[in-house]
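Colleague: I have not looked at this one before. Can you put it up and walk me through it?

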Amino acid sequence: MLIVEDDRSVMAVLTMGLRFLGFETLTASSGGQACAELPEQAPDVVLLDVMLPDMDGFEVCRRLREAGVETPVLFLTSRDSLEDKIHGLAMGGDDYVTKPFDLNEVVARIHALLRRAGKGRQQPSPRRLRAAWVELDQDTRDVWRHGQPVQLSATEYALLKYLMEHTDQVISKAQILDNVWGYSFQGESGIVETYIYYLRRKLGDTGQTLIRTVRGAGYLLRADAAATKDV
């Protein structure tokens, strides 16, 4: 994994701790260095500090996504407002942890990102999932909308897969957080709403007929083909 951090003490804690736990680590101390090295090194996860000397981590993530780099990004940030966190996710990040952090929490989130990116153990399931005008291939991790390919982040893919595995069932935000993110967000369930918005936009669900909001209960993804009439 690549650790992008300009604070030497934080870098040392992360590097030593993660190597002790069996992770292979690379390091970068600036955004420019990260943008240059990441495509060549192809790490499984990037730990990306938001406050870097040359550009902020949000800009680094945006540039990587524009360059087609899909590696999961875990932001390390001292900005703890929900607006900043949502902004980071909108730039293409997959998760965040607020400084000062506990190494155990960082490791838990790394494992969650690896599972979402298909690097962890997989449970047997049908090769293809279909719901209305959306199709998902679990072997190739490809997604199609009306037969046309759709590019999703690792987290968006994991959320869509979970919803498609439970079509026509009302899924609560707590269930989504537990099964997609793999840990408690300590009440910050707004992240689910943000990612549901992203999915609706990318899947062409302008009338919210594919993914319905069930007020006070959660979300329901419709499996019936009739839903395509509303798009």
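Modeller: About 840 Å³ of space lies in the largest pocket. On a 1 Å grid over the protein atoms alone, a pocket is an open set of points where a 1.4 Å probe fits, with protein on both sides within 12 Å along at least five of seven lines. The volume is the space filled by probe spheres set on the points, which are joined across faces, edges and corners.

Colleague: What kind of model is it?

Modeller: This is a predicted model, where local features need pLDDT of at least 70 and side-chain atom pairs count only at pLDDT 80 or more, while totals for chains, interfaces and linings use all residues. Residues are numbered from 1 along each chain as its sequence is written, and side-chain values use heavy atoms, with hydrogens and water left out.

Colleague: Back to the pocket. How many residues line it, and which lie nearest its centre?

Modeller: The lining has 36 residues, and E70, Q151, L152, S153 and A154 lie nearest the centre. Lining residues have an atom within 4 Å of a point.

Colleague: Which element gives the most to that lining?

Modeller: That is α8, with four residues. Helices (H or I, at least four residues) and strands (E, at least two) are DSSP runs, numbered from the N terminus.

Colleague: Change of topic. What is the strand order in the open sheet of three strands?

Modeller: The order is β10-β12-β11, with antiparallel pairing. β10 (170-171) and β11 (211-214) are at the edges with a single partner strand each, so one side of each has no neighbour in the sheet. Two strands pair if DSSP finds at least two bridges between them. Four bridges join β11 to β12 (residues 218-221), and Y219 in β12 is the bridge partner of T213.

Colleague: Where is K161, and is it buried or exposed?

Modeller: K161 is in helix α6. It counts as buried at 18% relative accessibility; buried means under 20% relative accessible area, exposed over 50%, and partly exposed in between (1.4 Å probe, protein chains only).

Colleague: What does K161 touch?

Modeller: Leaving out residues up to four places away in sequence, K161 touches L129, L136 and Q138. Contact means heavy atoms within 4.5 Å.

Colleague: Which peptide bond is cis?

Modeller: The one from K99 to P100 is, with omega near -10 degrees. P100 lies in the loop between β5 (95-98) and α5 (103-116).

Colleague: And what is the phi of R141?

Modeller: R141 has a positive phi of about 65 degrees, although it is not a glycine. R141 is in the loop between β7 (134-137) and β8 (142-145).
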